[in-house]
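Here are a few exercises on rings, charges and backbone angles. Have a look at the chain first, then work through them.

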Amino acid sequence: MVGTSAVIESMSSAVNGKEVADVRFDPKAVVPELVPAVVKSEGVDAAVNGGGEEQKREIVLGRNIHTSSFSVTEPDADDDFTGDKEAYMASVLARYRKTLTDRTKYHLGYPYNLDFDYGALTQLQHFSINNLGDPFIESNYDVHSRQLEVGVLDWFARLWDIEKDEYWGYITNCGTEGNLHGILVGREVFPEGILYASKESHYSIFKAARMYRMECEKVGTLLTGEIDCADFKVKLLANKDKPAIINVNIGTTVKGAVDDLVIKTLGRLRIFA
């Protein structure tokens with residue numbers, strides 16, 4: 001779930017002193033106590049926990065555990081050290097760039113494409129481009145790139161054999177936003193529906209269920225990471241009186257698993273007619 005996503009819905013279905021520490025971004029400079037305090041909350045919707053009765057829920061609050069950071073200060077109005085500060089900031093950025101370069105050499109475990117080259121787009125970075133709102137509706141903000149956004153959407157529509165007049169969508173900032181929007185649409189269409197997702201689905205799926213106060217069934221998986229259709233069938237039949245909102249993975253984050261047998265399972269059950 002990385003990078004920019006296209007959401008498509010088918011209608012058919014510190015600088016404050018001369019002595020500044022040479023701060024390195026050391027990953028070891030983090031206190032070992034990584035578990036935040038837990039706050040108990042009562043009266044939370046039982047549906048979020050998947051139970052039939054109202055249950056207590058523990059809410060984990062985050063805390064600032066970083067021991068190294070830069071202090072940010074506002075310059076004085078009569079500041080005569082602008083040149084010194086600019087030079088200092090240049091050194092900060094240079095050190096940060098070196099840190100990124102060193103870390104990128106050993107960047108493993110995430111399915112990122114690290115072959116970046118944005119040189120051709122440098123000429124556009126001096127403009128305040130904003131594609132706010134629906135890309136298919138004319139905006140009152142004139143500095144945009146909607147024609148490019150819709151072009152990308154059309155490309156995905158062709159890839160998925162969807163006609164131009166049969167879809168709506170927009171380009172998200174990340175995969176999580178795409179998941180949040182897709183599940184929101186499902187919740188709006190089926191307010192009483194249950195969200196089904198394999199346990200190896202991206203964490204944002206279950207985050208969305210909590211945000212939208214949706215009942216969520218976490219389905220087991222096979223060793224390959226693919227959804228266990230037998231467990232999926234059992235959970236569907238146990239809730240056949242409620243609509244099903246189903247998250248289907250086309251490449252899970254860790255194992256790259258594809259839930260390609262889900263549709264066959266639904267066809268065999270014949271409970272969604």
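**A charge and a ring**

In this predicted model, the charged end of Lys218 sits over the ring of Phe206, at 4.5 Å from the ring centre.

**Exercise 1.** Classify the ring pair Phe136 and Tyr167, and work out which parts it ties together.

*Solution.* Start with the search of the whole structure, which turns up 6 aromatic pairs. For Phe136 and Tyr167, the centres are 6.0 Å apart and the planes stand at 80°. Planes over 60 degrees apart count as edge-to-face, so that is the label for Phe136 and Tyr167. Finally, check accessibility: Phe136 is partly exposed at 39%, whereas Tyr167 is buried at 5%.

**Exercise 2.** Now do the pair Trp168 and Tyr170: what is its geometry?

*Solution.* The centres of Trp168 and Tyr170 are 5.9 Å apart, with 45° between the planes, which makes the pair tilted. Trp168 has 22% relative accessibility and counts as partly exposed; Tyr170, at 15%, counts as buried.

**Exercise 3.** Find where Asp161 and Arg213, two non-glycine residues with positive phi, lie.

*Solution.* Asp161 has phi of about 55° and belongs to the loop between α3 (146–159) and β4 (167–171). With a relative accessible area of 70%, Asp161 is exposed. Arg213 has phi near 55° and falls in the loop between α5 (203–211) and β6 (215–219). Its relative accessible area is 46%, so Arg213 is partly exposed.

Technical notes
Residues numbered from 1 in each chain as written. Predicted model: local features only at pLDDT ≥ 70, side-chain atom pairs only at ≥ 80, totals over all residues. Heavy atoms only, no water. Helix = DSSP H or I, 4+ residues; strand = E, 2+ residues; numbered from the N terminus. Buried < 20%, exposed > 50% of the residue type's maximum accessible area, 1.4 Å probe, protein only. Phe/Tyr/Trp six-rings, centres within 6.5 Å; stacked < 30°, edge-to-face > 60°. Lys NZ or Arg CZ within 6 Å of the ring centre and 35° of its normal.
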